[in-house]
Amino acid sequence: MPPNSRRTPVAIWNEEDVIAGRRVKAFVTILRTTGCWWSRKQGCTMCGYNLASEEGIGLPELRAQLEKALASYSGERMVKIYNSGSFLDKREIPLEFREDVFRGFAEAERVLFESRPEFVTEETLGELPSDKVSVAIGLESSNDDVLRGCVRKGFSVGEYATAARMLGSFRIPLRTYLLLKPPFLTERQSVEDAKLSVSFASEFSESVSINPLNVQKGTLVEELWRRGDYRPPWLWSLIEVLKSEKRVGTRVFSSPTGGGTPRGAHNCTRCDRKVLEAIQRFTFSQDQSEFDQSQCECKTEWSALTGVQDVMSTSVDVNRYLDSELELE
Ligand code: SF4
Ligand SMILES: [Zn+2]
């Protein structure tokens, strides 16, 4: 890693998001920190974020990163600060630095950051400007067996619910991330799991982001994927999940990382781009008719393959076993 990478954010970009139903410009930065404590202990099966972390990053390095981020900031209404871990864990983000962040982005209407639920406490929330923050928690699934056996999340659904209620009592909006297709679930099981999870999480959340698994380097999922025992979800599955029953008023959306590539959610090369565009439109319109035009021959293949997985009772990438010519990236 180059020596000054500790003083430079991992990434900075612009996108759009929604605040209280309004589509707004968003400024996003990923800060390099010492990383998620859970990732060092066991880590989630799909998470390669520790590659963006480094030991020994303290206040001076973080302040240098913030200065660079602020130099690119031009008053976007929403600011998203990611740190490949928990913004509320003082070992990753010292308290003084948190204050620097809120001071630096004082112009923003909303600052969103991520945290594991164990750091969402009365004490940490009491230290925040609650009128402008929003917290994102990666619940992944509302099923404890899936969290334990497939995701290795290191917390329970009950711990998420406690944190979510705590945020509610501080009137801090919650964004919940759900994982579509953890390893060891069939395509159909993963759709069912994600639908139930949307219905559960929407009760607590202002928005629910469906994150179809993308295969990250150095993870257990990457090993499974390389030997043909894992296929990222189909975009057809993602559409099913985006149409889930949910609490009225909760926005459900998805911006699939690596969508349309072998490591990300994909259908076939003929329809990936169009289907991803429909998913992007749905993110803002919340109108299911966006998907009406999304048709392709591969939908029959998706349906057949999910059926074969069910019959064989396997979560392996059946297509890869049937078509050994298929190439990975
Ligand atoms: S997914 Fe989140 S909680 Fe899990 S290891 Fe990665 S950063 Fe930590
Ligand atoms: Zn297709």
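How many salt bridges does the count come to? By the rule used here, the count comes to 24 salt bridges, a salt bridge being a side-chain nitrogen of Lys or Arg within 4 Å of a carboxyl oxygen of Asp or Glu.

A quick word on the ground rules. This is a predicted model, where local features need pLDDT of at least 70, side-chain atom pairs count only at pLDDT 80 or more, and totals for chains, interfaces and linings use all residues. Residues are numbered from 1 along each chain as its sequence is written, chains are lettered from A and ligands numbered from 1 in the order written, and side-chain values use heavy atoms, with hydrogens and water left out.

**Salt bridges**

| Salt bridge | Closest N and O atoms |
|---|---|
| Glu 109 and Arg 77 | 3.4 Å |
| Arg 226 and Glu 222 | 3.7 Å |
| Arg 227 and Asp 229 | 2.8 Å |

The pair of Glu 109 and Arg 77 links distant parts of the chain, 32 residues apart. Glu 109 sits in the loop between helix 3 (95–104) and strand 4 (110–114), while Arg 77 is in the loop between helix 2 (59–72) and strand 3 (78–82). Helices (H or I, at least four residues) and strands (E, at least two) are DSSP runs, numbered from the N terminus. Glu 109 counts as partly exposed at 27% relative accessibility, and Arg 77 counts as partly exposed at 36%. On this scale, buried means under 20% relative accessible area, exposed means over 50%, and partly exposed lies in between (1.4 Å probe, protein chains only).

Arg 226 and Glu 222 both lie in helix 8 (residues 220–226), four residues apart, or about one turn of the helix. Arg 226 is partly exposed, with a relative accessible area of 45%, whereas Glu 222 is buried at 12%. There's also a network of salt bridges linking Glu 15, Asp 17, Lys 80, Arg 175 and Arg 251.

**Strands**

Strand 1 (residues 11–19) and strand 2 (residues 22–30) run antiparallel, joined by nine bridges; two strands pair if DSSP finds at least two bridges between them. They form a hairpin with two residues between them, and Ala 20 in the turn has a positive phi of about 45°. Trp 13 stands opposite Val 28 in strand 2.

Elsewhere, strand 6 (residues 174–180) pairs with strand 7 in the parallel sense over six bridges, and Leu 180 stands opposite Pro 212 in strand 7. Five of the six residues of strand 7 (residues 207–212) are buried, so this strand is largely enclosed by the rest of the structure.

**Around ligand 1**

Which residues are around ligand 1? They are Cys 36, Trp 38, Ser 39, Cys 44, Cys 47, Tyr 49, Ser 84, Arg 116 and Lys 153, where a residue is near a molecule if one of its heavy atoms lies within 4 Å of it. By class, that shell has five nonpolar, two polar and two charged residues. Ala, Val, Leu, Ile, Met, Phe, Trp, Tyr, Cys and Pro count as nonpolar, Asp, Glu, Lys and Arg as charged, and the others, Gly among them, as polar.

**A buried Phe**

Phe 155 is in the loop between helix 5 (144–151) and helix 6 (157–169). Phe 155 is buried, with a relative accessible area of 7%.
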